[in-house]
Amino acid sequence: MMEAADREELIVDAEELPAPPPNGGMNELLNVGQEVNMQGQMEEFLGPQAEYNEEEEERKYYRRKRLGVIKNVLAASVGAMIVYSVYMGLLQMQLILHYDMTYREVKYSNLGLEDIDRKMLMGINVTPIIGLLYTPVLIRFLGTKWMMFLASGIYALFVSTNYWERYYTLVPSAVAIGVVIVPFWASLGNYITRMAQQYYEYVNYKEDHVQEQKKLPKGACHRYIIIFQSVFNIIFSLSFVFAEFPMRIILNGYLHDNNHTLYNVKKCGAEVSGVIPGFNTTVLVNLPRSMLLIQVESVLMGFAFLAMIIFLALCGAAYRPTEEIDLRSIGWGNIFQLPFKHLRDYRLRLLCPFFIYSGFETLFAITGFSLSYGVCVLGLTKLWLLIVVYGLSSAVFSSLSLCLLRLPRCVCLIGGAAVHAVLMVVLLALSLPRNEPKYLVPLLVISVLWGLGSALNRTGVSILLGMLYAEEKERLDFVYTIYHWWQAIAIFIVYLWSHLPMRAKLSILLATLLLACFCYWVMERRLARKVPFRLPRIPRPRHKVTYAQHE
């Protein structure tokens, strides 16, 4: 009876329990299946992909990096070409207009444009002498890319001051250009060489010394230095061509004929003292309209801003952020002293005559030869043609430096020196009559050959410096500062010798060239004999570390 009662209670209790939901077991199975399926999808998503090739993606990444380096080189070259096209074109047009007596008296009677031009040229040519004192500090403080951008802005400022030609606008802007000439060119040389080093690193990214950011093996990136410096010089030499566009398109139509401008000129060529003695002080038939000059200056201003945008937007950084910090962290006092200490290196000391000569010969081509031989014989209307031929020749023959990929590095410098030495001997003996159009072809041939020598000289020096210091990326700004500072000294000397006889100028040029070749031979001989050179020690970066104080 007790067991029957217990069974009845259990039955009653079972009947009182709520009924299970329909298909409950089936839902639980489905939930478990969904969780397993989701977990499988997550593992498939997070796990190694069958289609993903890590090595292929890495290769694509470094290919994009290499294309970025090529873009940087082209952008820096085009930016520098535009800056100097605008600067030289405006300066040439400005000096010709200010030379004309009628223009000065009608537009600026009591302003003293001649005195302003003298002080403006003094600011451009004299100020770079002190460039060695501040250039490395500026480059390391601002960075290589930002130094190029700032310098292009100063050149744009010079263009803008020509809207209002006064002493307090033209002279300060000319002094500012003199201040940034050496930093601008030192930054460009440093930038192109750094791009060659980066390109080598992106090509050989699997090498241990690249992954560990150690010093590059000797001669590893010489090939890329030769190619990039050649490309830069090819593009930059076109600035001489584009600089003549304002002269050819605008100003040539306002110039007097040769019978008027060369009427009082007695002799030309090697017998000249000064520039062109007796050249007429009125060279303009009619004065250009002020609105036309403003339009020309506005176009030039637009191109100056374009160059700034190219440097800002298209040029990448020359160093990694950590490298930039290390370069600054050695102390500003050390940065100031190191350019002077690098002159202890006999390689730089023996190359100084070539640095000076490279400044001499470029200015002689666009001032001495073009004026005392070209304008004096052919007239002012042919000045643009001589400069354009020189610029095209320099651009085309700069490609010859690519032969250093197969030939010894001395070929460029010695070849350019040989061409210029022969031309200087010819020019020393060349005395020409005034206003003789029949001499157009011989003078154009000399201009072409001088462009050949200039191209070999400029590319040869830049490539040689890059090859000598290719593995010393922390020294490049000091080395290129010294190079372009000596060029600035040469520019100053050319500014001082403007009143010397032509034969004296050519004799100085020839003596400098022979001395440069001898010193270069001594340097190569010492390097062949493995004579050790003295490089100053660069201090270790001193990073300031601040510790938070906890109470």
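I took rings of Phe, Tyr and Trp (its six-membered ring) as a pair if their centres lie within 6.5 Å, with planes under 30 degrees apart counted as stacked, over 60 as edge-to-face and the rest as tilted. With that rule I searched the whole structure and found 32 aromatic pairs.

Before going on I noted that this is a predicted model, in which local features need pLDDT of at least 70 and side-chain atom pairs count only at pLDDT 80 or more, while totals for chains, interfaces and linings use all residues. Residues are numbered from 1 along each chain as its sequence is written, and side-chain values use heavy atoms, with hydrogens and water left out.

**Entry on an aromatic pair.** From the search that gave 32 aromatic pairs, I looked up phenylalanine 184 with phenylalanine 311, which is edge-to-face at 6.1 Å centre to centre and 90 degrees between the planes. Because phenylalanine 184 lies in helix 8 (residues 167–203) and phenylalanine 311 in helix 14 (residues 290–314), the pair ties together parts that are 127 residues apart in sequence. Helices here are DSSP runs (H or I, at least four residues), numbered from the N terminus.

**Entry on helix 3 and helix 10.** I found helix 3 (residues 54–99) packed with helix 10 (residues 222–237) at an angle of about 30 degrees, their axes 8 Å apart; the axes are lines fitted to C-alpha atoms over the stretch in contact, and angles run from 0 to 180 degrees between N-to-C directions. Among the residues making the contact (heavy atoms within 4.5 Å) I listed Val73, Met81 and Tyr84 of helix 3 and Phe228, Phe232 and Ile235 of helix 10. By class this contact has 13 nonpolar, one polar and no charged residues, where Ala, Val, Leu, Ile, Met, Phe, Trp, Tyr, Cys and Pro count as nonpolar, Asp, Glu, Lys and Arg as charged, and the others, Gly among them, as polar.

**Entry on helix 18 and helix 20.** I read an angle of about 40 degrees between helix 18 (residues 383–397) and helix 20 (residues 440–468), with axes 7 Å apart, and these helices are therefore oblique to each other. Residues that meet include Tyr390 and Phe397 in helix 18 and Trp450 and Arg458 in helix 20, and the contact divides into 13 nonpolar, five polar and one charged.

**Entry on helix 22.** I noted that lysine 530, whose phi is positive, near 60 degrees, follows helix 22.

Technical notes: Helix = DSSP H or I, 4+ residues; strand = E, 2+ residues; numbered from the N terminus. Parallel < 35°, antiparallel > 145°, perpendicular 65-115°, else oblique.
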